[in-house]
Amino acid sequence: MLAPVARRTGWGASRRKRGWTTYSPSPFAPAQRSRCSTSCKSRHTGQTGIAAIPARPDGGTDGPNWSNSMIGQDGQRSWTIHIRKDNLKFSAAHMTVFPDGRKEGLHGHNYQVELTVELQDSPALARMLSYEVFKKALRTVCDQWDEKVLIAGGNPWLEPLPAAEGEYACRLCGKRYVLPADEVAVLDMGNVTAENLARALFEQFWVELTRDCSVPWRERVAAAGLRIDESRGQGATYSIRFGR
Ligand SMILES: Nc1nc2c(c(=O)[nH]1)N=C([C@H](O)[C@H](O)COP(=O)(O)OP(=O)(O)OP(=O)(O)O)CN2
């Protein structure tokens, strides 16, 4: 929660007094420094024209009273972490089945994964949630599907067939497939689309992430989304906003 406007002092308040309506997030940007004058109410370091960020006694940088002078206007603050790394991907084969019972030929993609996590309103929490925590969970779930043929276990055109030891066999849209069982992942979905993969991957990711019960995830994460691009410029995002 931000401090009420009337109680704020400093740069933002002085702008309002002057009737300026434009928003600039930081009064400490080089272009603004030269505006400081003896009438400026910001706290200063002693160096002419450079405002000091008031230090919190415990060294933290969150909370309503920290650096109110940096706030140009009222508003809801938020921080969003994005993670998209070349190695956060899985290479898999699939074939989408269309509603009329036709299907694509078996083909593969290097599925690229991207995570977005919107944090609750505090940069301190952002510091506590290292990128690595998210990347570790993402890598684990991506590995499950890497170098696999993905089969939609819930597709109405799928007919599982008896198979020899170590093999997986099925008929899909009338075509028979026999594959090494360890190179197949039968997924609990109706079709292997980017939308369904994004949702399934997100749900597994969340389970993996929240294994560490010492972190109050739901209090720290406001929303999260997982995007899968099956090729450059084409894919789907599954996202969830947690209710309070
Ligand atoms: N809503 C969705 N539609 C489609 C999906 C999907 O996941 N969600 N997937 C496919 C296919 O599986 C396919 O991999 C992509 O098909 P397509 O766009 O035809 O493939 P190209 O990228 O090679 O097509 P260009 O014409 O070169 O753009 C289909 N639909």
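Helices α4 and α5 lie oblique to each other. The model is a predicted one. The angle behind that label is roughly 130°. Angles over 145 degrees would count as roughly antiparallel, and 65 to 115 as roughly perpendicular, so this crossing falls under oblique.

**The helix pair**

Two packed helices are described by the angle between their axes and the distance between the axes. Here the axes of α4 (residues 131-145) and α5 come within 9 Å. The crossing of α4 past α5 is right-handed.

Which residues of α4 meet α5? Phe-134, Ala-137, Leu-138, Thr-140 and Val-141 do. On the α5 side, the partners are Leu-201, Gln-204, Phe-205, Glu-208 and Leu-209. By class, seven residues of this contact are nonpolar, two are polar and one is charged.

**Strand pairs**

| Strands | Bridges | Sense | Opposite residues |
|---|---|---|---|
| β5 and β6 | four bridges | antiparallel | Leu-158 and Leu-172 |
| β6 and β7 | six bridges | antiparallel | Ala-169 and Val-178 |
| β9 and β10 | eight bridges | antiparallel | Asp-229 and Gly-235 |

Strands β5, β6 and β7 form an open sheet, in the order β5-β6-β7. Its edges are β5 (158-161) and β7 (175-180), each of which pairs on one side only. From one strand to the next, the twist averages 25°. Strand β6 covers residues 167-172.

Two of the pairs are also hairpins. Between β5 and β6 there are five residues. Gly-166 sits in that turn, with a positive phi of about 80°. The hairpin of β9 and β10 has two residues between its strands. There, Gly-233 takes a positive phi near 90°. Strand β10 spans residues 234-241.

**The ligand shell**

Which residues surround the ligand? They are Thr-96, Glu-104, Thr-193, Ala-194, Glu-195, Glu-230, Ser-231 and Gln-234. Three of these residues are charged, four are polar and one is nonpolar.

Which elements each supply at least two residues of this shell? They are α5 (194-209) and β9 (221-231). Ala-194 and Glu-195 fall in the α5 range, while Glu-230 and Ser-231 fall in the β9 range.

Both elements return from the sections above. Helix α5 meets α4 through residues including Leu-201 and Phe-205, and also contributes to the shell around the ligand. Strand β9 pairs with β10 and likewise contributes to the shell. Gln-234, within the β10 range of 234-241, is another of the residues around the ligand.

Key
Residues are numbered from 1 along each chain as its sequence is written. This is a predicted model: local features need pLDDT of at least 70, side-chain atom pairs count only at pLDDT 80 or more; totals for chains, interfaces and linings use all residues. A residue is near a molecule or strand if its C-beta atom, placed from the backbone, lies within 6 Å of it. Ala, Val, Leu, Ile, Met, Phe, Trp, Tyr, Cys and Pro count as nonpolar, Asp, Glu, Lys and Arg as charged, and the others, Gly among them, as polar. Two strands pair if DSSP finds at least two bridges between them. Axes are lines fitted to C-alpha atoms, for helices over the stretch in contact, and angles run from 0 to 180 degrees between N-to-C directions. Angles under 35 degrees count as roughly parallel, over 145 as roughly antiparallel, 65 to 115 as roughly perpendicular and the rest as oblique. A crossing is left-handed if the near helix is turned anticlockwise from the far one by less than a right angle, and right-handed if clockwise. Two residues are in contact if their C-beta atoms, placed from the backbone, lie within 7 Å.
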